[in-house]
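This report covers the contact between two chains and one residue site. The sequence and structure come first.

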There are 2 protein chains.
Amino acid sequence: MTTSRYAVASAPAKVILFGEHFVVYGVPALVAAIDLRAEALLAEREDGLIYIGAPDLGLAGYFDAEGSFRPEEGGKEAEGALRPIFVAVREIWRALKARPSGVNVEVRSRIPVAAGLGSSAAVAVSAAAAASWLSAGRLEEELIFKAALEAEKLIHITPSGVDPAISTYGGLIAYKKGEGIRRLEIGAHLELVVGDTGLKRSTGALVAAVRALKDRRPGLFSKLLEAAEELVDEALGALKEGNLRALGELMDISHGLLASIGVSNAALERLVHAARRAGALGAKLTGAGGGGCMIALVEPGKGREVAKAIEEAGGRAFLAAVSEEGVRIERAGPSGA
Amino acid sequence: MTTSRYAVASAPAKVILFGEHFVVYGVPALVAAIDLRAEALLAEREDGLIYIGAPDLGLAGYFDAEGSFRPEEGGKEAEGALRPIFVAVREIWRALKARPSGVNVEVRSRIPVAAGLGSSAAVAVSAAAAASWLSAGRLEEELIFKAALEAEKLIHITPSGVDPAISTYGGLIAYKKGEGIRRLEIGAHLELVVGDTGLKRSTGALVAAVRALKDRRPGLFSKLLEAAEELVDEALGALKEGNLRALGELMDISHGLLASIGVSNAALERLVHAARRAGALGAKLTGAGGGGCMIALVEPGKGREVAKAIEEAGGRAFLAAVSEEGVRIERAGPSGA
């Protein structure tokens, strides 16, 4: 093992700054990479097998070249979590026409799982990136994005591509249904605190509940959509100007609109109001809601107090700045080999 | 005292069902009387003085015919609270050209004070009503409303007249700025639970903060106003149909819109979400927000569980149905006199 070639790549998580849920109905979503990263270590092995382990989750197992799976840890559940990583690596090999004999993959992540932060995409992107480095000696970003998108298809039936795009390229993007992804310039350094309620929720059920609301009250829903669209417009302006105070205010308003369509809950409100009271410039739920995570925008250097308030209100808090940097190689070796 | 003539009148509190804050900008507000009542006992006295006591608040004092005040309990603070009651009684005497020699007034109220429930108007209306009964042997509703409106002018510089109208006439009204008050039919028996956060707030400061938001973000605010107006339209329809489920849903949406303009807070969210979890059809803050009260709509007979949940979440809860009945005489005497 110590002499086999290896590469460690990392990729950022994402947060939706504005437009979640309303994005389903044509409002642009603004999505940013944050410096909370997943990491994949790939090391070549000689027996043709692809061994994938996620020690933090207690999951591990072997894929052969045809994709058959044999669990080693975590039983049947392991396959669902590990196969996307296998697909990401295999897609890179296909695209680069590389045929390594085998590989050990170990993934680690500081990103809360199933919390709307794109943890699965960040893991797939880092695995694909390490595979790209081992096979080609460079990061083929376009291929990495596509490989991770294939992996995402195992998890979401029709992924928007937002999560792998953010994890690959970093920075800030606007995504609009039917128009795809547009990269944006950020006019300021944005420091966020992410607060995790620890409550798992079903994105699908929440999206369906919002659709049912829209069907019951089309007139009112269209007014809320108009407000959400105007809000994203104004947020784009504030982002360009780097106007943190305006951005925070718009986050607060956005949270209220999301609450009005029924996707907030008591735990999210607790964290959101705790963050505001502790001096956040603004705070909102992020992602599907109904649990999951919230984000607070803070003045540079002021994250700790807000994080403390979120923890005291029962959440897990992470300081996380918006990150221009996407996927990157952390280290590779053997050095000098 | 036992042989002096007396009358006891009571008048209901009010809740804003829909449209608070947005009413300032032309959206109609829907306001209902609830069967949480204030009571005034008036008993004639011979010395020309008007003695007013509010034993629950520890306030009491004497007014002479010219309106000079001498506190008996509560010191200087007493005058601010008691003078509106004096004005209400004096206005009735003026209108009826009655000159009783003097009167003892004792007011009691189950309505939380300074919580957006129109407690001061309910007290003024009941005092005016008891005065009307003693002087004319009947309830002159139009005069009672006007007398209470005069009293309100000591508290609010330009009162809308909504609070005294609700306390006098009961039922449900729509109020629109510049157009005044319109009585509405209610298609259903509405059972509410009122939850009081116990936090005092300044209505003026909240109204000013919303105006500042409107001035900073006129485009977005106008979209929120449009949504608020559509919401009141749909609520009027649901009220006419007696569609409780739709009304509850619209209350939830309304709460989100109010949160989006910054007038909710952690305590209100706690009570609102506790009520929803306990089975309320809908829940929202009522009135100025930032503390004060929330209301939950419940299925008939289901109020107790929701009230319990609100109390467990730290609020004081009151079961309160929407009441068709306004001011009324409870008893008068001496019987057979």
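## Interface area

Buried area is the accessible area (1.4 Å probe) that two parts lose on being put together, summed over both. Chain B and chain A bury about 2300 Å² between them, and 63% of that area lies on carbon and sulfur atoms. With contact taken as heavy atoms within 4.5 Å, 27 residues of chain B are in contact with 27 residues of chain A.

This is a predicted model, in which local features need pLDDT of at least 70 and side-chain atom pairs count only at pLDDT 80 or more, while totals for chains, interfaces and linings use all residues. Residues are numbered from 1 along each chain as its sequence is written, chains are lettered from A in the order in which they are written, and side-chain values use heavy atoms, with hydrogens and water left out.

## Pairs across the interface

A salt bridge is a side-chain nitrogen of Lys or Arg within 4 Å of a carboxyl oxygen of Asp or Glu. The rule finds eight salt bridges between chain B and chain A. One of the salt bridges joins the side chains of Glu234(A) and Arg217(B), at 2.7 Å from N to O.

On chain B, the side that touches chain A draws at least two residues from each of helix H5 (203-216), helix H6 (218-241), helix H7 (244-260) and helix H8 (266-277); helices are DSSP runs of H or I with at least four residues, and strands are runs of E with at least two, numbered from the N terminus.

## Asn104(B)

Asn104(B) sits in strand E6 (residues 103-109) of chain B.
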